Amino acid sequence: MREVEQVILHFDLSHLGHLPADQEFTLHALGKRMTLVRHNDTTRREHAQRNRALAAMPEEHLQRLTHFAETVELPADAVGFHWVGYPSSRPGAVSDEIAVVFQHVPAAAVRRAVRAMRRDAGLAVPHVLAHYGVTEVAPYADDEALHVDASNTINYIQTALTMIMQHPEIGTLVPELHYRIGQQLVVKQPTFTQLWQYLSTHPAEGNDPWYENTYVMDPNGNVMSPDPNLTDKDGQPVVWPKATVNGQQVSVIPQHKLSDDLSTVLKPVVQQVGVAVKQQPW
């Protein structure tokens with residue numbers, strides 16, 4: 001059986017403030033789905049009492065946390081890939097829209113990374129906290145626990161980071177190195193700031209979204225139909241979404257296709273981080 005750890009995740013979905021106040025968001029993790037709970041002043045204060053990262057945030061930034069999910073099981077032995085979605089309002093969309101995509105690093109690996117960063121280059125405030133106005137923490141603070149708690153705070157910057165970490169010359173399956181590359185190299189690039197700002201200002205519902213909610217097609221624009229004999233992890237037939245193509249309902253493979261403008265914004269970040277990774281003795 002897979003080794004898992006149970007965490008509480010906190011989400012900043014303020015970049016989706018144009019959606020209805022009662023909009024539901026669904027977390028997809030380890031093959032399970034969970035509806036996020038909306039934060040309020042009371043829940044934020046309660047969680048800040050046992051989460052060092054939330055406790056370190058100035059009140060005006062703490063208010064930006066919009067949702068949370070408790071008792072979430074995530075891999076404790078590997079870097080995990082997870083996402084939060086919500087129903088699409090786009091005509092022709094065949095899958096949920098993306099609220100955030102993120103990669104989770106197990107707590108033990110975060111702690112190992114923190115010890116290595118402290119040894120090699122001095123330890124900085126976790127990037128997500130710096131984004132929320134935290135410039136320093138108390139010298140007596142448990143910096144390992146602080147980084148672990150901060151890593152469970154998810155926002156649109158995590159989506160940008162996850163994109164960069166998919167590149168084969170940047171990303172790694174070694175959890176502690178994955179965390180170090182993100183904290184020490186990726187987020188330090190000015191072009192990375194431009195990337196996450198682009199994502200936050202080009203939502204799915206806008207006139208120029210950062211991705212197209214579509215389905216897989218061949219180079220000639222024909223539907224690439226899924227194999228009807230594929231089964232899921234439980235051996236059950238996969239239920240594929242359907243789309244109307246040439247007046248007929250057909251099964252399709254969902255695809256979130258990145259926009260050309262996003263690809264342009266991504267390129268310099270990948271180039272700069274790729275060089276930085278190769279220069280690190282670790």
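The crossing of helices α4 and α6 is right-handed, a crossing being right-handed if the near helix is turned clockwise from the far one by less than a right angle, and left-handed if anticlockwise. The model is predicted, so that local features need pLDDT of at least 70 and side-chain atom pairs count only at pLDDT 80 or more, whereas totals for chains, interfaces and linings use all residues. Residues are numbered from 1 along each chain as its sequence is written, and side-chain values use heavy atoms, with hydrogens and water left out.

Helices here are DSSP runs of H or I with at least four residues, strands are runs of E with at least two, and both are numbered from the N terminus. The table sets out two helix pairs, with axes taken as lines fitted to C-alpha atoms over the stretch in contact and angles running from 0 to 180 degrees between N-to-C directions.

| Helix pair | Angle | Axis separation |
|---|---|---|
| α4 (107-121) and α6 (143-151) | about 130° | 9 Å |
| α7 (156-165) and α8 (175-186) | about 110° | 11 Å |

Angles under 35 degrees count as roughly parallel, over 145 as roughly antiparallel, 65 to 115 as roughly perpendicular and the rest as oblique; α4 and α6 are therefore oblique to each other, while α7 and α8 are roughly perpendicular.

Contact means heavy atoms within 4.5 Å, and on the α4 side the residues that meet α6 include V110, V114 and M117, with A145 and V148 among their counterparts in α6. The residues of this contact divide into 6 nonpolar, 2 polar and 5 charged, where Ala, Val, Leu, Ile, Met, Phe, Trp, Tyr, Cys and Pro count as nonpolar, Asp, Glu, Lys and Arg as charged, and the others, Gly among them, as polar.

Helix α7 also passes α8 in a right-handed crossing. L161, I164 and M165 of α7 make this contact with H178, I181, G182 and V186 of α8, and these residues divide into 5 nonpolar, 2 polar and no charged.

P75, in strand β5 (residues 67-75), counts as buried because its relative accessibility is 3%, buried meaning under 20% relative accessible area, exposed over 50% and partly exposed in between, with a 1.4 Å probe and protein chains only. Leaving aside residues up to four places away in sequence, P75 touches several others, including R2, L30, H82 and P106.

S259 lies in the loop between β12 (254-258) and α10 (260-278) and, at 14% relative accessibility, counts as buried. The side chain of S259 reaches the backbone nitrogen of L262 at 3.1 Å.

Conventions
Polar contact = N/O pair within 3.5 Å; in protein donor to acceptor, adjacent residues only side chain to side chain.
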